[in-house]
Amino acid sequence: MIQNRKTLLLPILALCLLACQALSPARADRIWWDGSRDTETAPPGKLLSDNAGYWGERIVTGVEYSYDLAPDNPADPNRRLLDGVPAGDWNVPVGAANRPLVITFDFKRACTFGEVDISTRSQKAAFKIEAADALAGTWRTVLERTRDQALDKMFHRLPLPAKTPGRYLRLTVNAIEPKIGNYLTYLEEVVVWGDAEITEKNPEAIAPVAPTPVITGVAFPSIPGIARTTFSDAEFGQWKWNLGAAAKLPAVWSQLPTWGSITDRPLLPSPKAAAQPVQITMARNETENAALALTNTNMVNPGAGAVALSAFRPVGGKAANASKVTGSLRVAGAINSRHHGVVIGPLFEADNKPGASLLRRYLTNTEGIKDFPRLRLAPAGSAVLWLSVSATGAAPGVYQAQLSFSGAGGAKSSLPVRVQVLDVTLPDPFVYLNTWDHTTGMFPFTYSDRQAREVAHKQSIGMSVWHHLPTPGSDAALARKNDKARNRRGKQMYHISVLPYTYINEGFNNRLKPENLTDKDKAAIADHVRSVVRQTQALGLNYNDWYAELWDEPGRGNAQLFGVLARIVKQADPKINIYMNPIFWEGNAPAPDELIASMLSPYYREVVNVSVPIDILRRGFPKIQPLFDAPRLVKATYRVSTHGDKNERVPVNYQAQAWDAFARGENGWGFYSYYRPVGDAWNDFDGDYPDYIMVYPGPRGPIPTRTSESVRQGGEDYRLLTLLKQQGRTAELASLLKAYAGGEASEKLRLRALRIAAMPTITAPKKAPRQGHSRSH
């Protein structure tokens, strides 16, 4: 795992996601990166300066910039002014001593400039902005502000006179003021907004992450950029002939594997599959998903039209409350990955897509989906869509909705969606789900509802651990508030460091030996621990609401020290719960079983209350299994996975984590990571290794994937198994777990079938419920 602080979270019902989706852009203020806010919802133009981290509309101008005299205090080695990092350490700004900074930006095309935003730690500085059509032409001063006129702040928004034309902008920043001893001018970031000319001779500088594939001969891809989906004109002709009457429709619907590979073949459904309604069976309080294809029946002309999902209504129903069964429709983007080529990835809602220029940079099927819910199906091409159906206390019964695609001339292709809600209510046990992550974001501004969307999405798919205390305004505090509003006390946990930083650093890096600890060290640790406890008490937390991390992933070099320090923490306050996620990785494999057992046995049962070993230590290491299986507050296992988990068969692995946890008697699991990009989250190739992500950042909030949705599915599977246990269905449960254990790893796709097979056995409880996995307070 990457050395980095981690973040965690837990389950709420699908209602959280629905509430999150209902947040309207019109009701959200705009919050700039420095905390300033306004009531505008539209940006001040399209982004022209190609700053990293902005997911709205931009024109990729190919902007370049140069200095009249290069900065040297510090220098600018890698386009720091456009890197999307407006504040930070010495690696963020450029600077010059005893002189101003003068920068010329070349936008490579005719522009209309609307606003220039500047971040400078110099704060009070003089600004001058000039525009020109040619470098050797006349420079026109469009804005000038003296140092005395400047506000004393880091971020300066500078609207320009209406319709300021030019190809070039020259910016002068001068913070020199000898009277007050200021001899340095700094500049962190420059953001330019407006509009720009795009022509056939001078197109946008897209630089696509996935190069446009070269197709030889007469061939058609179902999904552009994915060669596996390609077929010939003869194959298409035969397919259309076999469709019969359905060939007259503008497009045909078909169902795809929800969790398995989608693009390992052409998306040309059989006549039977093309006519098959979507059938979903679900409990009264969960979310189910279906992957769908919409395929153009014309190989000459594109098929343009809008897709829609009607409201659900009871079939022959009486008083069934159909409003408690709701659906949503997303469209899938095809994105390039480092290890698996172009795959189905992000699942877009209509109001949360990056700007079209960015979609062209990152996706191979942009032209077909950029205006979703309107689609443009290429000749013989397809779109992949994702249907989610949520029941929130729905009455048992059958509900139906209609999917439709309205093509040219009013022609319509429809697909029924039938949902059977069983008389089953899944319980809400405590489940520890840790993903060591961040939330997504956007620069230079976000909307005021973004935090609510981020937290609601993570909770809705089951994440329950947060890597900070629930202090006012934090993500953790909002998660806690959501739980209180739904009477779910104790479903979140807070992952807190309790050692002074010196001991975390020395311990993690194997630089401190137990025998070198002094009484002064022990006193400093105890004082710090007690101060952390006081903070938790001030926030009204119980001891079982949070736990103490010493450092990440202990191994051979620091496991002994870990035990010694854990006992010091326990001596300071015996009620503190200690967390450990042992890894013992050495070279390309874990250390020997005997060595790990010898290092952990002296203290693991006694002091570790939250046990989260890496998954490989749970297989083939018999001597340490009793340590991990011992009763404690949290028993879980984690994987380091999402950097390589971008192929289309991966989602079943995250469902499997839930089944494995239940089978081992654990009450949680984890993986690294929900969102930990190593560079641009949309570009899997710009870092030393792939991004550790399962969601993508959008202009309004997180954009899910089939993988992130499978985490939700795994959590619901765990709740279903818990229900069987509570109802005393010992035989049925044992049969399910035996069938699961008997499957090959590659056959874990049948988890969905197992889950559906289980549901009818719980419609009539045999015994009174009894307590399942829980954690006490």
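Tyr362 and Trp682 are both buried in this predicted model. Their rings form a stacked aromatic pair, with 5.7 Å from centre to centre and 20° between the planes. The pair links distant parts of the chain, since Tyr362 belongs to helix α4 (residues 356-362) and Trp682 to the loop between β38 (675-676) and β39 (692-693), 320 residues apart.

Across the whole structure, a search finds 32 aromatic pairs. Another of them joins Tyr54 and Trp193, this time edge-to-face, at 5.2 Å centre to centre and with 90° between the planes. Tyr54 sits in the loop between β4 (46-47) and β5 (64-67), while Trp193 is part of strand β12 (residues 189-196), so this contact ties together parts that are 139 residues apart in sequence. Both Tyr54 and Trp193 are buried. They also belong to one aromatic cluster, together with Trp32, Trp33, Phe155, Phe445 and Tyr447.

Strands β3, β2 and β27 form an open sheet in the order β3-β2-β27, with antiparallel pairing. Because β3 (37-38) and β27 (445-447) stand at the edges with a single partner strand each, one side of each has no neighbour in the sheet. Strand β2 (residues 30-32) is joined to β3 by two bridges, and Ile31 has Arg37 in β3 as its bridge partner.

Charged side chains also meet aromatic rings. The charged end of Arg30 sits over the ring of Phe445, 5.3 Å from the ring's centre. Elsewhere, Arg639 lies over the face of Tyr654, at 5.2 Å from the ring centre.

Technical notes. Residues are numbered from 1 along each chain as its sequence is written. This is a predicted model: local features need pLDDT of at least 70, side-chain atom pairs count only at pLDDT 80 or more; totals for chains, interfaces and linings use all residues. Side-chain values use heavy atoms; hydrogens and water are left out. Two strands pair if DSSP finds at least two bridges between them. Helices (H or I, at least four residues) and strands (E, at least two) are DSSP runs, numbered from the N terminus. Rings of Phe, Tyr and Trp (its six-membered ring) pair if their centres lie within 6.5 Å; planes under 30 degrees apart count as stacked, over 60 as edge-to-face and the rest as tilted. Buried means under 20% relative accessible area, exposed over 50%, partly exposed in between (1.4 Å probe, protein chains only). A charge sits over a ring if NZ of Lys or CZ of Arg is within 6 Å of the ring centre and within 35 degrees of the ring normal.
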